[in-house]
Amino acid sequence: MTRMRQAAIDMPTILRGIANRARREPKARFQNLYGMLNEANLRWCFYQLRKDAASGVDGVTFGEYERNLDANLAVLVERLKGKRYRTKLVRRVQIPKGQGKWRPLGIPALEDKLVQMGATKLLEAIYEQDFLNTSWGFRPGRGPQMASRVLAGRLVIGRYHWVVEADIRAFFDSISHEWMLRMLAERVDDRAFIRLIGKWLKAGVMQENGRVEYPEIGTPQGGVISPILANIYLHYVLDLWFERVVRKTSRGQAMVMRFADDFVAAFEREPEAKRFLDELRVRLAKFGLTLAEEKTRVVRFSRDGMEQNGGFDFLGFQYHWNQTRRGVPNVQRMTAPTRMRRSVARFTEWVKRYRHLPIRVLMRRLIPKLQGYWNYYGVIGNFRGLQKYWHELVLLLYKWLNRRSDRRSYNWDGFLALLEHFRVPRPHITEVASRQLRLMGFSCT
């Protein structure tokens with residue numbers, strides 16, 4: 001296909017063609033991906049970017065770039081064609097994780113985000129055909145709540161008695177550039193495209209104090225292309241290895257579920273769970289990764305002798321075996337205590353910061369914030385966890401609204417009437433039942 005013909009075909013059609021070929025030919029290597037980063041395709045990619053995203057070191061916003069979009073794209077594509085495209089510094093910011101901890105995020109400049117979006121869409125079209133069902137993070141039609149539901153279902157249905165709870169230390173900061181590019185070369189036969197990704201991996205990072213660092217390993221968490229690169233890296237490091245080696249050599253049942261760099265593995269037999277953990281350390285070390293040992297352990301997790309079980313955390317939920325009202329063994333998901341404390345701490349900071357706003361404005365901001373919490377944690381069996389968070393939130397809101405001035409603003413009845421007036425959503429379960437999940441094409445088996 002010539003470049004002129006490519007420009008005449010819209011990006012979704014190109015992506016479907018790539019995906020179809022990748023599905024038909026599992027060993028095919030794709031050429032001329034770099035040439036697909038033309039004006040027409042990048043214009044489509046531009047409108048896939050978040051309009052309200054923070055700007056990079058250049059300070060250019062979505063709206064500013066859009067005002068002269070045609071001219072900006074023409075200049076950008078000319079630089080890409082002439083191999084004169086240079087990545088700008090990545091602006092690093094620290095966002096609070098709670099309990100005094102911070103997570104570093106890298107914010108690329110807008111044009112780098114745009115080109116990264118184009119590269120991301122091309123890679124997704126290829127690798128979505130390769131990724132296994134064990135991978136759930138940053139993939140179309142999959143989310144953490146659904147992943148937690150499927151995990152619980154598989155634990156109930158399967159003959160699993162031991163769970164390995166593992167955590168990779170500083171994963172995004174530890175990705176080997178050499179291994180990353182070698183992995184990409186398994187499916188990409190385009191030197192210009194590979195070099196482009198190499199530029200983003202090696203882009204200088206500007207710290208908040210103005211100091212610039214040039215990383216030899218890692219990819220900034222927060223970049224548009226980071227999620228797909230993370231999935232590709234762990235597809236080869238963990239997913240394929242587990243499927244082709246660990247599961248096939250296990251005498252009992254074995255499974256793994258991964259969401260980005262967060263994963264758990266379940267086994268029927270304790271020796272195989274322990275062997276997996278020992279071999280996992282060696283496997284990760286080969287690719288420059290290490291386990292956070294303080295967050296890694298083997299847990300007994302069996303429907304037999306539930307009183308001897310432990311629990312484990314995954315995706316913000318804590319998992320336990322219990323019995324339903326009918327006496328049927330079931331895996332229950334509750335809000336993990338660490339996540340509960342973190343959520344309460346974040347809400348405390350939020351209400352302290354914005355309590356001065358007019359009540360109507362404050363409530364308008366509170367409602368989607370709270371609904372988002374119910375959407376995520378409103379899983380079947382977690383109503384008590386939702387009530388606990390609601391109780392903490394109401395007390396905090398009542399406390400800080402009464403500190404807006406020297407005089408007390410509300411008594412308790414007046415405060416509850418205020419919540420009712422603005423229809424602040426109360427705790428409710430948002431998760432769909434298993435039968436609905438199956439109708440949507442997701443199985444717990």
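Contact here means heavy atoms within 4.5 Å. The structure described is a predicted model. Its mean pLDDT is 92. Of the residues in the protein, 94% reach 70 or more. Residues 1-8 stand apart from this picture, as pLDDT stays under 50 over that stretch. For residues 1-8 the model has eleven contacts beyond four places in sequence.

Helix 13 spans residues 337-354, and helix 14 spans residues 359-377. Their axes lie 12 Å apart, at an angle of about 170°. Angles over 145 degrees count as roughly antiparallel. Helix 13 and helix 14 are therefore roughly antiparallel to each other. On the helix 13 side, the contact involves Arg 339, Met 340, Ser 343, Phe 347, Trp 350 and Tyr 354. These meet Leu 362, Arg 365, Leu 366, Lys 369, Tyr 373 and Tyr 377 of helix 14. By class, the residues of this contact divide into eight nonpolar, one polar and three charged.

A second pairing joins helix 9 (residues 177-184) to helix 11. Here the axes come within 10 Å and cross at roughly 85°. That angle makes helix 9 roughly perpendicular to helix 11. Helix 9 contributes Trp 179, Met 180, Met 183 and Leu 184 to the contact. From helix 11 come Leu 229, Ile 232, Tyr 233, Tyr 236 and Val 237. The contact has nine nonpolar residues, with no polar and no charged ones.

Helix 2, covering residues 11-24, packs with helix 6. The angle between them is about 35°, and their axes are 7 Å apart. Met 11, Leu 15, Ile 18, Ala 19 and Ala 22 represent helix 2 in this contact. Their partners in helix 6 are Gly 118, Lys 121, Leu 122, Ala 125 and Ile 126. Eight residues of the contact of helix 2 with helix 6 are nonpolar, one is polar and one is charged.

Helix 6 and helix 11 also take part in the lining of the largest cavity. The structure holds one cavity of 30 Å³ or more. About 120 Å³ of space lies in the largest cavity. Its lining consists of 18 residues. Val 90, Pro 108, Gln 116, Trp 200 and Pro 220 lie nearest the centre of the cavity. Four elements each supply at least two residues of the lining: strand 2 (101-107), helix 6 (110-127), helix 10 (191-201) and helix 11 (226-249). Helix 10 gives the most, with three residues. The lining of the largest cavity comprises ten nonpolar, six polar and two charged residues.

Methods
Residues are numbered from 1 along each chain as its sequence is written. This is a predicted model: local features need pLDDT of at least 70, side-chain atom pairs count only at pLDDT 80 or more; totals for chains, interfaces and linings use all residues. Side-chain values use heavy atoms; hydrogens and water are left out. On a 1 Å grid over the protein atoms alone, a cavity is a set of points where a 1.4 Å probe fits but cannot get out, and a pocket is an open set with protein on both sides within 12 Å along at least five of seven lines; lining residues have an atom within 4 Å of a point. Grid points are joined across faces, edges and corners, and a volume is the space filled by probe spheres set on the points. Ala, Val, Leu, Ile, Met, Phe, Trp, Tyr, Cys and Pro count as nonpolar, Asp, Glu, Lys and Arg as charged, and the others, Gly among them, as polar. Axes are lines fitted to C-alpha atoms, for helices over the stretch in contact, and angles run from 0 to 180 degrees between N-to-C directions. pLDDT is the predictor's confidence in each residue, from 0 to 100. Angles under 35 degrees count as roughly parallel, over 145 as roughly antiparallel, 65 to 115 as roughly perpendicular and the rest as oblique.
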